Amino acid sequence: MTETHSSPQLLHLVFGGELEDINGLTFKDLGALDIVGIYPNYASAHAAWKAKAQQTVDNAHMRYFVVHLHRLLDPEASTKAS
């Protein structure tokens, strides 16, 4: 059974890991990255990001990110929508 979507599927990746420096974007161990998941829209990705960020609030080096995969998959579409 296939799902029908009334709105476009805008994929977002949520991932995180421990940074070498709190002011940088270099991860201590790429093998230890936490891939939280891929979500069909920003709202659900943001909810997942927020939950993971709150779980790791005591570790200043731990950071989670939301990546707009739909912009990487179709970069021209994101410039038209802006």
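Mentor: Start with strand pairing: strand S3 (residues 62-68) is joined to S1 by seven bridges, and the two run antiparallel. This is a predicted model, in which local features need pLDDT of at least 70 and side-chain atom pairs count only at pLDDT 80 or more, while totals for chains, interfaces and linings use all residues. Residues are numbered from 1 along each chain as its sequence is written, and side-chain values use heavy atoms, with hydrogens and water left out.

Trainee: What makes S1 and S3 a pair?

Mentor: Two strands pair if DSSP finds at least two bridges between them. S1 and S3 have seven, so they pair.

Trainee: How many bridges join S1 to strand S2?

Mentor: Five bridges link S1 with S2 (residues 34-39), again antiparallel, so this is a pair as well. Phe15 has Ile35 as its bridge partner in S2, and Gly16 stands opposite Asp34.

Trainee: Which order do the strands have in the sheet?

Mentor: The order is S2-S1-S3, in an open sheet of three strands with antiparallel pairing. S2 and S3 are at the edges with a single partner strand each, so one side of each has no neighbour in the sheet. From one strand to the next the twist averages 15°, an angle between lines fitted to C-alpha atoms (for helices over the stretch in contact), taken from 0 to 180 degrees between N-to-C directions.

Trainee: How many helices and strands does the protein chain have?

Mentor: It has three helices and three strands, where a helix is a DSSP run of H or I with at least four residues and a strand a run of E with at least two, numbered from the N terminus. Along the sequence the pattern is β-β-α-β-α-α. Helix H1 (residues 42-55) lies across S1, S2 and S3, at about 175° to S3.

Trainee: Why is His12 called buried?

Mentor: Buried means under 20% relative accessible area, exposed over 50%, and partly exposed in between (1.4 Å probe, protein chains only). His12 has 2%, so it is buried. His12 belongs to strand S1, and six of the seven residues of S1 (residues 12-18) are buried, so the strand is largely enclosed by the rest of the structure.

Trainee: Which residue's side chain makes a polar contact with the side chain of His12?

Mentor: That of His68, at 3.0 Å. A polar contact is a pair of N or O atoms within 3.5 Å; within protein, one must be able to donate a hydrogen and the other to accept it, and residues adjacent in sequence count only if both atoms are side-chain atoms. The value of 3.0 Å is therefore inside the limit.

Trainee: Why is Thr56 called buried?

Mentor: Its relative accessible area is 18%, and the limit is under 20%, so Thr56 qualifies. Thr56 sits in the loop between H1 and S3. Beyond its neighbours within four places in sequence, Thr56 is in contact (heavy atoms within 4.5 Å) with Met62 and Tyr64.

Trainee: Which of these is exposed and which partly exposed, Asp29 or Gly31?

Mentor: Asp29, at 45%, is partly exposed, whereas Gly31, at 73%, is exposed. A polar atom of the Asp29 side chain lies 3.0 Å from the backbone nitrogen of Gly31.

Trainee: Which residues make up the largest nonpolar core?

Mentor: Leu13, Phe15, Leu19, Phe27 and Leu69, five residues. Such a core is a set of buried Ala, Val, Leu, Ile, Met, Phe, Trp, Tyr and Cys residues joined through side-chain atoms within 4.5 Å. In soluble globular proteins, nonpolar side chains tend to be buried together. Not counting residues up to four places away in sequence, Phe27 touches several residues, among them Phe15, Leu19, Leu33 and Phe65.

Trainee: What share of the 82 residues of the protein chain counts as buried?

Mentor: The share is 22%. Among contacts in the protein chain with a separation of 6 or more, 61% come from residues 24 or more positions apart.
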